[in-house]
Amino acid sequence: MTPTGNRLCAMFLGVWLGFGVLPAAADTQVAGETKISSFTLGNGMEVVVIPDHRAPIATHMVWYKVGSADEPPGKSGIAHFFEHLMFKGTTNHAAGEFDRAVAEIGGNNNAFTSYDYTAYFETVPADALEQMMAFEADRMRNLVLSDEVIATERDVVLEERRSRIDNDPSALLDEEVSATLWQNQPYRIPVIGWMQEMKQLNRADAQAFYDRYYTPNNAVLVVAGDVEEEAVKAMAERTYGKVARGPDLPPRERPVEPEQNTKRTVTLSDQRVSVPSFSAQWVVPSYSTAEPGEAEALDLLAEILGGGVRSRLYQELVVKQRIAVSTGASYSGTMLDDTSFAVYGAPVGQAALEQVETAVTREIARIADEGVTADELESAKKRFVRATIFARDRQTAMANIFGSTLATGGSVRDIEEWPGRIEKVTPEQIKTAAARYLVPSRSTTGYLLPQAKGGN
Amino acid sequence: MQKFSTPLHDAAIQLVAALACLLVFALPARSGVNIQEVHSEKGITAWLVEDYTVPIVTLRFAFEGGSSQDPAGKEGLANLMSGLFDEGAGDLESDAFQEKLDDVGAEMRFSSSRDAIYGGMRVLAEDRQVAFDLLRLAIGQPRFDQQPIDRIRSQIVTGIDAAERDPNAQARKQWMRAIYGEHPYARPDEGTRQSLAAIAPDDLRAFRKSQFGRSGLHVAVIGAVDAETLKADLDRLFGDLPEQQDLKPVQRVDPRLGQEIAVAYDLPQTSIQMAFPGIERSDPDFYAAMLMNEILGGGTFTSRLFAEVREKRGLAYSVDSILSNRRYSSSLGISTATRSDRASETIRIIRDVVRQMADDGPTAAELEAAKKYLIGAYAINNLNSSGAVASTMVELQLAGLGRDYISRRPALLGAVTVDDVTRVARRLLTAEPAVLLVGPDVKKADAQ
C-alpha cells in the first residue's frame with residue numbers, strides 16, 4: 001500500500017507486455033481462444049486484428065509513426081497540436097460530425113501523442129466499425145485547416161500546457177530534467193512543446209506536418225474486439241485501401257546521445273512543495289536499440305529494484321528503515337531510440353531527502369555488486385507473465401500493446417516471443433545491466449524542494 | 001497527452017452518467033453478461049457472471065458505511081484501515097502475508113470512500129483457492145500490528161503534509177467545509193495529523209467489527225468459476241462475519257449554495273468550480289436530469305459547455321458538468337481551468353450556458369442524441385473488462401437496483417421528454433450556485 005503516490009516520476013511510462021508463448025508464425029493461437037493476425041494493405045498500411053468476443057464492442061485505433069521526437073527544429077508541440085486539429089472538419093465532414101457520430105452510438109473517442117507515435121481511437125459497438133474506418137480514413141487525407149480553427153485550437157493547447165505543466169511544480173521539474181538527461185536526442189523536448197514555440201505554430205506548419213506524415217504507409221491499424229480477420233480485412237480494403245500510398249519516408253534516424261561523463265542535477269524549489277523528493281535517471285537501451293536480452297534484463301531490474309511493495313527499494317526504505325514515504329524504479333522500454341531508467345524517492349516523517357537518496361544508491365550498488373537471487377528473479381518473471389494474461393482482459397490494453405510496439409519498430413512476433421525471452425534472463429544479466437548503466441557519477445537527478453525559509 | 005482528459009468520476013457517478021443500453025439486449029446472448037444471483041448456505045448473496053474466455057477470477061465487494069462512519073476525533077480511520085489489510089492476517093505477519101500473496105500472484109485491493117469500504121481480488125483461475133484463503137484471513141483476521149500501523153500512518157501523514165502548501169488542495173478542503181458544514185462529508189477522508197495520532201490498534205479492530213457485517217455486504221464475481229463453487233467460496237470468505245453491521249446514523253445534507261470562495265494565489269491558471277443542486281436517484285425526474293447534464297457538459301465532445309468554452313473560444317482545455325449522487329447528498333458540479341486573464345469571461349460564458357438551459361431547455365435533437373449516447377455507452381464504459389463488470393455489479397447493488405436494471409434502463413431514459421428535461425433544468429439550474437475560484441488576484445465578486 002502506498003497511500004501517497006510519487007509525483008516526481010510522472011514521465012511517460014510505456015508498458016511492454018506480451019502474449020502467450022507461441023509459434024513464430026504471423027498467426028497465433030492463444031489458449032484456444034484468441035487468434036491474433038496481421039497483414040499489410042496494398043498501400044502499405046499495416047493491420048493487426050485481435051479478436052475478443054466477450055462483448056459486442058470493438059476498439060479501433062490508428063497509430064501514426066510520428067511523434068514529438070520527429071518534429072522539425074523550432075516547431076516543438078506541432079505533433080500534439082496537429083493531433084488536436086485532426087478533430088476539425090474535412091472536405092467530406094463538417095467539424096464535430098465524427099464526434100457526434102461516435103457519441104450517437106455511445107462510443108468513446110480520443111487521441112494521444114507521445115515521443116514516437118500519435119494514435120487515434122474509437123471504442124464502439126462492433127457493427128459501427130466500418131463507419132469508424134470510413135471517418136478515420138477520410139481524415140487521414142482530407143482535413144481542412146483554416147487560420148481560424150488554428151488560432152482557437154492553439155489557445156486550447158496553450159491552456160492544456162498551463163494545466164498539465166505550468167500549474168504543477170513536479171511537471172515543470174520533470175520537463176527540465178528530461179532536457180538535461182537528453183543533450184542531443186530529441187526526447188529532450190517536451191511532447192506538448194515549449195510555450196514560446198507553441199505560440200508560433202501556424203497553418204503552414206500544420207499542413208506540412210500533415211502532408212509528410214499522415215499517409216497509409218506510415219500508419220498501423222489495430223482492431224481489437226468482437227471482430228474476425230476476414231471481415232476487418234474487407235472493411236479496411238474498402239476504406240483505408242482507397243487512400244493513395246504516400247511518398248516513402250526516410251528511415252527514422254535521429255541524433256543520438258553522446259556519452260555522459262558527468263553527474264547532472266536540476267533543482268526546483270517551490271513554495272507549493274512541503275515534502276521534498278528526487279528522481280535520478282540514466283540513458284539506457286530500449287527494446288528497439290538493445291542487444292538481445294538487454295532490454296528484458298532492464299525491465300526485470302526495474303521490477304526487482306523498485307516495481308512495487310515487494311521490491312528491494314520499497315522493502316528496504318519504506319518497510320525496514322522507514323525513511324521513505326514512497327520509492328521505486330521504472331524503465332520505459334517501448335521507445336524507438338535509447339530510453340531512460342529512473343529511480344525515485346521521498347522521505348517520510350523526520351527523515352531527510354539525502355538519507356533516501358543514499359539508501360536508493362546503496363540498493364543499486366548492492367545489485368551491481370552482488371546481483372539478485374534466483375528466487376526474486378523467478379518471482380519477477382512470474383509477475384510479468386501473469387500480467388500478459390491480465391492484459392487480455394481489456395481489449396484497449398491489448399490494442400495499446402500492439403500499436404505502441406509496431407509504431408516503435410517492433411513486430412507482432414516480438415510481442416509473442418516476449419514471455420519466452422523474459423524466461424531466459426539470468427541473474428548475471430541483471431547484475432551486468434545494473435553495473436553498466438546505473439552509475440551514480442553519470443546520473444541526471446532532479447530535486448523538488450520546498451522554498452527555503454526566508455525566501456519568496 | 002490526451003486531447004481531453006477523462007473527468008474523474010467516482011464509481012457511483014460513472015454509473016449515473018452512463019446507464020442502460022440497447023446493446024445490453026444483445027449482451028446476455030453474445031457476451032455472457034448474464035448475471036446470476038448466488039445464495040450460499042450461510043446466506044451470503046453474490047452476483048455472478050460466468051466467463052471462461054480468459055482464465056481469471058475477479059471478485060469485488062463493498063460494505064456500506066465508509067469514511068462517513070469515522071468517529072469524531074478519529075477521522076481517517078476507514079482510510080487507514082483499508083491500507084492495512086495486506087499488512088498481516090491470522091498467523092502471518094506483514095512480510096509473510098505479502099510474500100504468499102505475491103507467490104500466488106493475486107492482486108488484492110482495499111479502499112474506502114465516503115459511503116463504503118471496498119475490497120477485491122483478481123487472480124488466475126488455477127490459483128483461486130489459495131488466493132481466497134488469504135483474502136479470507138485479511139477480511140476476518142487482520143492483525144493490525146503496531147509496526148505496520150505506524151508505517152502506513154506516517155505515509156498518510158506525509159501525504160497530508162505534502163498537500164499543506166498546495167493552493168488547490170487547500171482550497172478544496174475549504175470548499176468541502178463551506179458546502180457541507182458539520183456533516184461528515186466535510187471532513188478530509190484521510191484525516192488530520194491529530195486525528196490519525198489518536199487511532200490505536202483497538203480502534204481499528206472495533207471499527208472493522210462494526211463495519212464488516214453481512215447486512216451491509218455486496219459481492220460481485222466475474223470469471224472462470226461456477227455458481228456451486230462460488231457458494232462454498234462465499235461461505236469461506238464471508239460466512240463467519242457477524243450478521244449485523246453496527247452503523248451510526250448519518251444525516252442527509254443539502255450542499256450550501258449561493259456562496260463564493262476565492263483563494264488568491266499566483267498561478268498560471270484560474271480554476272473554477274461551481275456547485276448546483278443535485279437530484280436523488282429516487283426522484284421521478286432523475287433520468288431527465290441525467291440527460292440534461294449530458295447535454296450541458298457530459299462525457300462527450302459534443303456538450304454545450306464544451307462547444308462554447310473550448311471549441312468556439314479556446315478558453316480552456318477541459319470543461320465539464322457532473323451529476324454526483326452520494327448516499328446522503330447530491331449535487332451538480334461544473335469545473336474548468338482557464339487562463340487567468342480570461343477567467344471572468346469564462347465564468348460569464350458558463351453562466352450564460354447554464355441560464356439558457358434553465359430558460360429554454362434542450363432541443364429535441366439534443367435530447368435524442370443524448371439518449372442515444374447514454375443508452376449506447378453503458379456497455380462500452382461499464383462492461384469492457386472483468387474489473388468494470390464486477391465494479392458495476394457492486395455499484396448497482398449499493399444503489400439498490402436490481403439485476404434487471406440494465407435491461408430496464410433504456411426504457412427509463414427513452415421515456416424522458418423535452419418538457420421533462422426543461423422542467424428539471426429549471427429546477428436545478430436557477431439556484432445561485434456555490435462558486436470556488438483559485439488563481440491570481442481572484443475576488444469573490446469575480447464569481448458573479
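Predicted model: local features only at pLDDT ≥ 70, side-chain atom pairs only at ≥ 80, totals over all residues.

Reader: What is the phi of Arg322(A)?
Author: Its phi is positive, about 50°, although Arg322(A) is not a glycine.

Reader: And how many C-beta neighbours does Arg322(A) have inside 10 Å?
Author: There are 16, so Arg322(A) counts as partly exposed. A residue needs 20 or more to be called buried, and 12 or fewer to be called exposed.

Reader: Over to chain B, then. Where does Asp441(B) lie?
Author: Asp441(B) sits in the segment that follows strand S13 (434–439) of chain B. Its phi is also a positive value in a residue other than glycine, near 60°. Asp441(B) has 13 C-beta neighbours inside 10 Å and therefore counts as partly exposed.

Reader: New topic: helices. At what angle do H13 and H17 of chain B pack?
Author: Helix H13 (residues 343–360) and helix H17 (residues 418–429) of chain B pack at about 135°, and their axes are 7 Å apart. That makes H13(B) and H17(B) oblique to each other, therefore neither roughly parallel nor roughly antiparallel.

Reader: Is the crossing left-handed or right-handed?
Author: H13(B) passes H17(B) in a left-handed crossing.

Reader: Which residues meet there?
Author: From H13(B) you have Val354(B), Met357(B) and Ala358(B), and they meet Ala425(B), Arg426(B) and Leu429(B) of H17(B). Sorted by class, this contact has five nonpolar residues, one charged and no polar ones.

Reader: Now the two chains together. How many residues does each chain give to the contact?
Author: Chain B gives 63 residues and chain A gives 60. Several elements of chain B each supply at least two residues to the side that touches chain A, among them helix H2 (22–31), strand S7 (116–124) and helix H14 (364–382). By class, that side of chain B divides into 28 nonpolar, 20 polar and 15 charged residues.

Reader: Last one: what does UniProt place at residues 199–373 of chain B?
Author: An unreviewed UniProt entry places the feature "domain: Peptidase M16 C-terminal" there. Over residues 199–373 chain B is 41% helix and 23% strand, with the end C-alpha atoms 47 Å apart.

Notes: Residues numbered from 1 in each chain as written. Chains lettered and ligands numbered in written order. Axes fitted to C-alpha atoms, helices over the stretch in contact; angles between N-to-C directions. Helix = DSSP H or I, 4+ residues; strand = E, 2+ residues; numbered from the N terminus. Parallel < 35°, antiparallel > 145°, perpendicular 65-115°, else oblique. Left-handed = near helix turned anticlockwise from the far one by under 90°. Contact = placed C-beta atoms within 7 Å. Nonpolar A, V, L, I, M, F, W, Y, C, P; charged D, E, K, R; others polar. UniProt positions renumbered as here; feature names shortened; annotations may be inferred.
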